[in-house]
Amino acid sequence: MLSRLIVVSASALKSSAPLGAGLIQASRSLHTSSQSLAPVPPLPEKGGKIRHGIFPEEIFQLLYPKTGATGPYMLGTGLAVYMLSKELYVINHETIAALTMGMIIIFSVKKFGPSVAAFCDQLNEEKVAGVQEVKDQAIVALGQAIESEKKEQWRVEGRAMLFDAKRNNVATLLETNYRERIHMVTHEVKRRLDYQLALQSLHTRMAQEHMVNWVEKNVIGSITPQQEKESIAKCITDLNVLAKAVQAKATV
């Protein structure tokens with residue numbers, strides 16, 4: 001991966017030197033600037049194309065304009081022959097062991113690589129699923145918190161109306177108490193006035209009864225026995241006259 005990055009950067013700088021210098025200057029300015037808190041895009045999970053299992057395709061693309069299709073192979077073969085002829089690399093038992101280990105590693109990768117990769121991908125998917133579930137739960141919880149906050153804000157907006165209603169209720173309660181006290185005072189005043197009126201009526205009635213009794217007593221005391229007999233006789237005479245008048249009307 002690092003070699004591919006070096007090759008791509010070298011080819012880009014070679015094809016456009018001023019642009020490459022500008023990119024280097026921009027990269028320096030970016031490195032010296034403060035870090036950004038923006039989310040970094042994820043790295044690609046799979047690399048570019050390779051040949052023969054280890055050689056990046058970018059090397060062949062870089063050498064193709066100068067050496068053609070066989071240039072990379074000739075370069076590799078020449079380097080190997082040069083190193084062997086100059087004894088920069090001596091073939092010994094370690095070379096045989098390295099080749100053997102390499103073949104075993106290649107065989108293992110070819111044989112067990114797909115299953116191991118599938119297992120690792122499954123583990124990665126499970127981890128991603130777990131993280132996604134936690135993320136979804138957090139999003140739901142935050143959404144509920146936002147809705148609760150909006151509801152509380154709505155309640156705060158209606159606080160003025162609630163206070164006005166409470167003020168009106170208090171004013172109504174005070175007015176009711178005031179009117180109840182006025183009614184109580186009126187009732188007490190009326191009760192006392194009725195008591196005074198009843199007391200005066202009682203005094204008047206008692207005075208009248210006393211006057212009637214006194215007059216009756218005096219009148220009865222002033223009547224003599226002779227006057228009583230005459231009065232009784234006169235009453236009897238009047239009754240007889242009335243009886244005859246009634247009988248005369250009945251016969252007619």
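For this entry, I take a helix axis as a line fitted to C-alpha atoms over the stretch in contact, with angles running from 0 to 180 degrees between N-to-C directions. I note at the outset that the model is predicted.

**Entry 1: the α3 and α4 pair.** I looked up how these two helices are placed. The axes of α3 and α4 come within 8 Å, and they cross at roughly 100 degrees. Angles of 65 to 115 degrees count as roughly perpendicular, and I therefore record α3 and α4 as roughly perpendicular to each other.

**Entry 2: their contact.** I listed the residues that meet. From α3 these are Phe60, Leu63 and Thr67; from α4 they are Gly71, Pro72, Tyr73 and Leu75. By class, this contact has 5 nonpolar and 2 polar residues, with no charged ones.

**Entry 3: the largest pocket.** I found a volume of about 250 Å³ for the largest pocket. Its lining consists of His52, Phe55, Ile59, Phe60, Leu63, Pro72, Tyr73, Leu75, Gly76 and Leu79. The elements giving two or more residues to this lining are α3 (57-67) and α4 (71-85). I note that α4 supplies the largest share, 5 residues. I classed the lining as 8 nonpolar and 2 polar residues, and found no charged residue in it.

**Entry 4: α4 itself.** I checked the length of α4. Its 15 residues, at 1.5 Å a residue, should span 21 Å, and the end C-alpha atoms of α4 are 21 Å apart, so the two values agree. I then looked beyond the helix: glutamate 87 follows α4 and has a positive phi, near 55 degrees.

Note on methods: Residues are numbered from 1 along each chain as its sequence is written. This is a predicted model: local features need pLDDT of at least 70, side-chain atom pairs count only at pLDDT 80 or more; totals for chains, interfaces and linings use all residues. Side-chain values use heavy atoms; hydrogens and water are left out. On a 1 Å grid over the protein atoms alone, a cavity is a set of points where a 1.4 Å probe fits but cannot get out, and a pocket is an open set with protein on both sides within 12 Å along at least five of seven lines; lining residues have an atom within 4 Å of a point. Grid points are joined across faces, edges and corners, and a volume is the space filled by probe spheres set on the points. Helices (H or I, at least four residues) and strands (E, at least two) are DSSP runs, numbered from the N terminus. Ala, Val, Leu, Ile, Met, Phe, Trp, Tyr, Cys and Pro count as nonpolar, Asp, Glu, Lys and Arg as charged, and the others, Gly among them, as polar. Angles under 35 degrees count as roughly parallel, over 145 as roughly antiparallel, 65 to 115 as roughly perpendicular and the rest as oblique. Contact means heavy atoms within 4.5 Å. The expected span of a helix is 1.5 Å times one less than its number of residues.
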